[in-house]
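Open the model in your viewer and have the selection tool ready.

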Amino acid sequence: MLGDVTRDVVGAAPHSRGPVYAQRPRVSALWLLLTACALLVLTSVWTLAAEDELSFGRKPWQNLQKTVAEMSEPSFLRVWFGETRHEIRDQDGKLLRVDDQRATERRYVAGVGRALWTTLRIATLGTALAALIALPLGLLAARTLNAPRPVFWVAKGVLDVMRSIHTLVFGLFFVGIVGLGATAGILAVAAHSAGTLGKLLAEAIETLDTQPVDAVRATGATAGQVFFLGVWPAELPQYVPPVLYAWGFNIRDSTILGLVGAGGLGLLLSEAMALFQWGRLATLLIAIVIMVTAFDAVSRAVRRRLV
């Protein structure tokens, strides 16, 4: 009898003539997402092509070859191999002036070094300020710390707004307030990075083991004591790696803040591109790659020691 009941529950036996219903396979959410992304890509390509916005211009391959050829000779090589008497003439062959390429390039490379130092300082101070701003906002935006609901939503909204606005947009905003220079760059970096760091801190606190926090709270400790005795000792090792990552990202981001007048290397990049000085642009890009690579190596070593 148990066998008959089992057949009734599981399904008809192979020799049974009863109806057999095949299960309809579920549509995976991943496939729905991929289909939606594919449709968005196709729609974007089709609409941009219809608006004639996908043009490559005239002679793109010739322009690319010429640019690559000029960038293959970075301008800093003139410090050693430049002409000491470089004659500059007009279209009619009239001599305009004679330059010492080696001395000129030495002055330019020194200016690049100063701009790199400014860029590093902007990223460093901006990241430090962002970490300080993100700390209270992240605490208030963490659900598990039970901040008052209005305060929670205000903190969460501020973090979302800061994270949504690009650093360059903040740069334009602060240049209009404090003027040209490194101060605008520091504030722009801090404003954008604080949103990201605050969100990461809030999520890390929400995944924290609440037993130590509850134990401290059960003793009648104040909110500050709960934070410093229960939350901060566990969160500090998890907060430092995102700050280091943001620091490295801000170094890359700070290299273009000069495009909007917020200090750093961006002004030299803008000049090189505007004047089609591809050799000097190559020098700037090499300097950026060296600085970012060196910082990433140091940051990676520090994170390994912390984990």
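The stops below follow in order, each with something to select.

**Stop 1: colour by confidence**

This is a predicted model, so start with pLDDT. The protein has a mean pLDDT of 82. Of its residues, 83% reach 70 or more. Now select residues 1–18. Here the pLDDT is below 50. Beyond near neighbours in sequence, this stretch has three contacts in the model. Where pLDDT is low, the predicted coordinates should not be read in detail.

**Stop 2: salt bridges**

How many salt bridges does the structure hold? There are five. The next stops visit some of them, including the pair D160 and K156.

**Stop 3: helix α6**

Select residues 149–164, which form helix α6. Show the side chains of K156, D160 and R163. These three residues are linked in a network of salt bridges.

Take D160 and K156 as a pair. Their side chains meet in a salt bridge, at 3.4 Å from N to O. Why can they pair along the helix? The two residues are four apart in helix α6, so about one helical turn separates them.

Now turn to R163. Its side chain meets that of D160 in a salt bridge, at 3.0 Å from N to O. R163 and D160 are three residues apart in helix α6, again separated by about one helical turn.

**Stop 4: helices α10 and α12**

Select R252 and D296. Their side chains meet in a salt bridge, at 3.7 Å from N to O. Which parts of the chain does this pair link? R252 sits in helix α10, residues 223–254. D296 sits in helix α12, residues 278–306.

Keep the surface on. R252 is partly exposed, with a relative accessible area of 32%. D296 counts as partly exposed as well, at 27% relative accessibility.

**Last view**

Notes: Residues are numbered from 1 along each chain as its sequence is written. This is a predicted model: local features need pLDDT of at least 70, side-chain atom pairs count only at pLDDT 80 or more; totals for chains, interfaces and linings use all residues. Side-chain values use heavy atoms; hydrogens and water are left out. pLDDT is the predictor's confidence in each residue, from 0 to 100. Contact means heavy atoms within 4.5 Å. A salt bridge is a side-chain nitrogen of Lys or Arg within 4 Å of a carboxyl oxygen of Asp or Glu. Buried means under 20% relative accessible area, exposed over 50%, partly exposed in between (1.4 Å probe, protein chains only).
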